[in-house]
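Student: I have a new model open on my screen and would like to walk through it with you. Shall we start with its surface and then move to the helices?

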Amino acid sequence: MIMLIGLLPISSLAQTNTDEQLAAQYFKNGEFDKAEVLYEKLYKRTNDEFFYNYYIDCLLKLKNFSEAEKVVDKRLRKEADPVLLVQLGHIHLTAGDEKKAQLVWTEALKQLPAIQRQIERMAIAFMEIKQSDLAVSTYEKGRKLLSGIINYRFELARIHASQNKIDLLYNEVLAAIEEDPNQVNEARTVLLEVLADDPDNRKSELLKETLIERIQKSPDRLVYPELLIWHFEQKKDFRAALTQTKALDRRNKEDGSRVYQLGIICKSNRAYDAAIEAFEYVIKKGSDNYYHLPAKKELVSALYLKVTDGQNYTAEDLASLEQTFLATIDEFGRSARTASMMMNLAELYTFYIHDTQKGIDLLIEVAEIPGIRLEELAQSKVQLADALLFIGDVWEATLLYSQAEKLIKTGDIGR
């Protein structure tokens with residue numbers, strides 16, 4: 001179209017633009033008889049696909065089926081394009097001749113070439129006229145013609161979703177990631193689209209059942225349990241996700257890394273019991289395990305948040321948490337790597353156990369740790385200032401806030 005218009009005289013181009021604007025306005029207003037005249041002229045002048053489609057659409061809205069058929073037939077004589085047969089069948093269907101439409105569409109599929117662009121154009125053409133079953137047939141024949149090089153898994157999955165054929169949708173999605181595990185992100189995207197509209201939880205339950213069935217049949221395929229764990233995470237069913245993750249870790253004799261990562265996710269979602277269980281599982285793998293120290297630190301953090309986040313705790317809970325803090329800090333030493341843990345313990349002393357002096361002493365100790373990160377040094381000063389403010393020492397607190405602000409120019413610390 002661009003090359004053709006480029007050869008038109010300037011006056012002709014201006015006329016085309018004027019006619020196009022007027023035709024569009026007529027079409028928008030429902031004046032299809034006037035729009036049809038202009039779109040016919042525009043199509044004959046430019047031979048452009050855009051004007052052709054609007055011209056046919058106008059003829060259909062005016063119920064001038066014989067003329068629409070002639071226009072398509074004339075184009076078919078010039079172009080061996082089976083996609084035009086999709087449009088011709090649509091004309092017959094709109095005219096009320098479903099049998100003739102089906103015959104034409106059968107011929108369209110018969111003529112479908114082993115060309116990716118043509119396959120996709122025909123499938124889209126069928127979808128545009130709401131013939132989703134024929135779009136499915138197009139993609140299915142297309143992947144045979146292309147010898148499985150392109151399998152149209154996700155295209156078919158989305159059509160099955162529109163048809164509410166959820167079992168077929170899941171089959172295509174799972175087949176896609178079996179063929180190429182790198183497609184897992186697209187698979188998850190499609191599943192999220194489908195599960196976003198699941199008021200009765202039927203789709204979610206079917207996915208769970210499908211994955212469990214496949215896990216049982218093919219226990220060595222990681223793709224199924226990993227997708228099931230992801231599914232549970234999306235549903236915020238962290239207990240179920242943890243059960244599957246631990247089972248996967250044991251089955252594959254792993255190092256606990258995926259359990260540890262799930263624990264982090266659980267903690268960030270305030271699923272503290274599941275997080276605690278995850279970190280305890282990793283810790284039991286022994287002190288030689290790479291994740292032993294990180295899991296211990298995260299366990300203490302999860303225990304701390306469980307007590308303080310919900311404000312539903314007892315004196316016994318606080319005493320138990322204090323002992324866990326002290327035991328873990330003593331195990332790994334009072335150093336830069338336990339500074340954040342020490343600051344949490346100081347906050348526990350100050351605002352929960354109400355032993356402010358212990359909190360203050362611990363924060364002073366943190367500030368003197370060699371090699372402590374700048375951010376943690378600033379945070380210790382903010383916390384110390386908070387503690388001093390808590391007991392009424394406004395002057396010293398103000399000084400410490402100022403020192404922290406100078407340490408971290410961005411202002412992120414102490415907000």
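Tutor: Gladly! Here, a patch is made of residues with over 30% relative accessible area and no salt bridge, with nonpolar side chains joined within 5 Å. Keep in mind that this is a predicted model.

Student: Which residues make the nonpolar surface patch of about 280 Å²?

Tutor: One member, Ile391, sits in the loop between helix H22 (374-390) and helix H23 (394-407). Ile391 counts as partly exposed because its relative accessibility is 49%. The patch of about 280 Å² is made by Phe351, Phe390 and Ile391.

Student: How far apart are the end C-alpha atoms of helix H5 (residues 65-78)?

Tutor: Start from the 14 residues of H5 and 1.5 Å a residue, which should give a span of 20 Å. The model agrees with that, as the end C-alpha atoms of H5 are apart by 20 Å.

Student: Which helices do the buried residues of H5 pack against?

Tutor: The buried residues in H5 are Phe65, Ala68, Val71, Val72 and Arg75. They cover an arc of only 125° around the axis, so they are on the same side of H5. The face turned away from that buried side carries the exposed residues Lys70 and Arg77. The packing partners of the buried residues are helix H3 (32-46), helix H4 (49-61) and H6.

Student: Is Thr94 buried, partly exposed or exposed?

Tutor: Thr94 is found in helix H6 (residues 83-94). Buried means under 20% relative accessible area and exposed means over 50%. With a relative accessibility of 37%, Thr94 therefore counts as partly exposed.

Technical notes. Residues are numbered from 1 along each chain as its sequence is written. This is a predicted model: local features need pLDDT of at least 70, side-chain atom pairs count only at pLDDT 80 or more; totals for chains, interfaces and linings use all residues. Side-chain values use heavy atoms; hydrogens and water are left out. Helices (H or I, at least four residues) and strands (E, at least two) are DSSP runs, numbered from the N terminus. Buried means under 20% relative accessible area, exposed over 50%, partly exposed in between (1.4 Å probe, protein chains only). The expected span of a helix is 1.5 Å times one less than its number of residues. The arc is that of the directions from the helix axis to the C-beta atoms. Contact means heavy atoms within 4.5 Å. Patches are made of residues with over 30% relative accessible area and no salt bridge: like charges are joined within 9 Å, nonpolar side chains (Val, Leu, Ile, Met, Phe, Trp, Tyr) within 5 Å. Accessible areas come from the Shrake-Rupley method with a 1.4 Å probe; for residues, only the protein chains shown count as cover. A salt bridge is a side-chain nitrogen of Lys or Arg within 4 Å of a carboxyl oxygen of Asp or Glu.
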